[in-house]
Amino acid sequence: MPNKIILDTDIGSDIDDAVALAYLLRQPDCQLLGITTVTGEPERRAALASAICRAANRNDVPIHVGTDLPLLVAPRQTRATQAEALDGNDKFPHATFGRENTAIPFLRDTIRAHPGEITLLPIGPLTNIALLFAQYPDLPGLLKQIVLMGGRFFTRSGDGSGLEWNIICDPHAAARVFQTDILSLTAVGLDVTEQCRMDADACRQRFAKAGGPLTPVAAMAEVWFRHASIVTFHDPLAAALIFDPDLCKTEAARVEVDLQSGRALGQTLLVNDGPHKPHHVAKSVHAEAFFQHYFAIVGG
């Protein structure tokens, strides 16, 4: 049976969200039940998701607008910059969306309709998911699993911290999700995903050859390439791990998020001071195997 997936995404900032969505739309073992968007301009992010779905001839995928603000901290991500690729461009038809938060009721109803079957794939800040679990405490127990991209676990940044963008954009939401009793939660962190990189020219060639959903992604990538010379496949790795768990080695652990104010706010910590290790954390990746897998699915 295909894996039932719901994607929660901040598509429109880093290009890797769009690259992950293209993969899910082409993955034959994926039944994409819906897409929810999160952080600044979530309605513009939904339009980007719609353009990619339509390029894949997948008008059947429900897309819902989520929350635009983090729980407590100031917003870091206020604009969906890659939506510029859609402005005044009739090459990429797409639906338009209002600002109403329809993501939470959609998630609630869909998870309840498929108890024990759905993999939730959050690849942005975890605000939607934290709000969902706070309002409906029964829902975590109805999920098959969560696989998320977020955190930094086994290596530190130059300042010695374990900071990563998705977590620090809403650390309180992330803490809420990691504290929730979920049957299975796997986190794919920055220290692993950074091993899966491709330079701009190689991406252009592969995306052009693949076509389909990667055609609007390629246009979005040109906005990204104005300030970056590479694509790091953070989110596509998390997505691919659902279908090929052998791509990464994982380690059982308990993840906590540092909520102390200051430079450490949002740091992800591995706590190994007891037997309770409810999470799985990606520890290493076979990068070559990942790229072979990804392009075997999407083409190019």
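## Two residues with positive phi

In this predicted model, Asn-57 occupies the loop that connects helix H2 to strand S3 (63-65), and its phi is positive, at about 60°, although the residue is not a glycine. Asn-57 is exposed, because its relative accessible area of 69% lies over the 50% cut-off for that class.

Thr-39 also has a positive phi, near 75°, and is likewise a residue other than glycine. Its place is in the loop between strand S2 (30-37) and H2. Thr-39 counts as buried, because its relative accessibility of 8% falls under the 20% cut-off.

Rolling a probe the size of a water molecule over the atoms shows where empty space is left. A search of the whole structure returns 1 cavity of 30 Å³ or more, and the volume of the largest cavity is about 50 Å³.

Thr-39 belongs to the lining of the largest cavity, together with Gly-40, Asp-68, Pro-70, Pro-75, Arg-76, Gln-77, Pro-125 and Cys-169. Sorted by class, this lining consists of 4 nonpolar, 3 polar and 2 charged residues.

## Packing of H1 against H2

Two packed helices are described by the angle between their axes and the distance between the axes. For helix H1 (residues 16-26) and helix H2 (residues 42-55), the angle is about 35° and the axes are 10 Å apart. The crossing of H1 and H2 is right-handed.

On the side of H1, the contact is made by Ala-18, Leu-21, Ala-22 and Leu-25, while H2 contributes Ala-49, Ile-52 and Cys-53. The residues of this contact comprise 7 nonpolar, no polar and no charged. An α-helix has 3.6 residues a turn, so residues three or four places apart point the same way.

## Helix H3 and what covers it

Which residues of helix H3 (residues 103-113) are buried? They are Ala-103, Ile-104, Phe-106, Leu-107, Arg-108, Thr-110 and Ile-111, a list that includes the charged residue Arg-108 and the polar residue Thr-110.

The buried residues of H3 are covered by elements that include strand S1 (3-9), S2, S3, strand S4 (118-122) and helix H4 (127-135).

Note on methods
Residues numbered from 1 in each chain as written. Predicted model: local features only at pLDDT ≥ 70, side-chain atom pairs only at ≥ 80, totals over all residues. Heavy atoms only, no water. Axes fitted to C-alpha atoms, helices over the stretch in contact; angles between N-to-C directions. Helix = DSSP H or I, 4+ residues; strand = E, 2+ residues; numbered from the N terminus. Left-handed = near helix turned anticlockwise from the far one by under 90°. Contact = heavy atoms within 4.5 Å. 1 Å grid on protein atoms, 1.4 Å probe; cavity = no way out; pocket = protein on both sides within 12 Å on 5 of 7 lines; lining within 4 Å. Points joined across faces, edges and corners; volume = space filled by probe spheres on them. Buried < 20%, exposed > 50% of the residue type's maximum accessible area, 1.4 Å probe, protein only.
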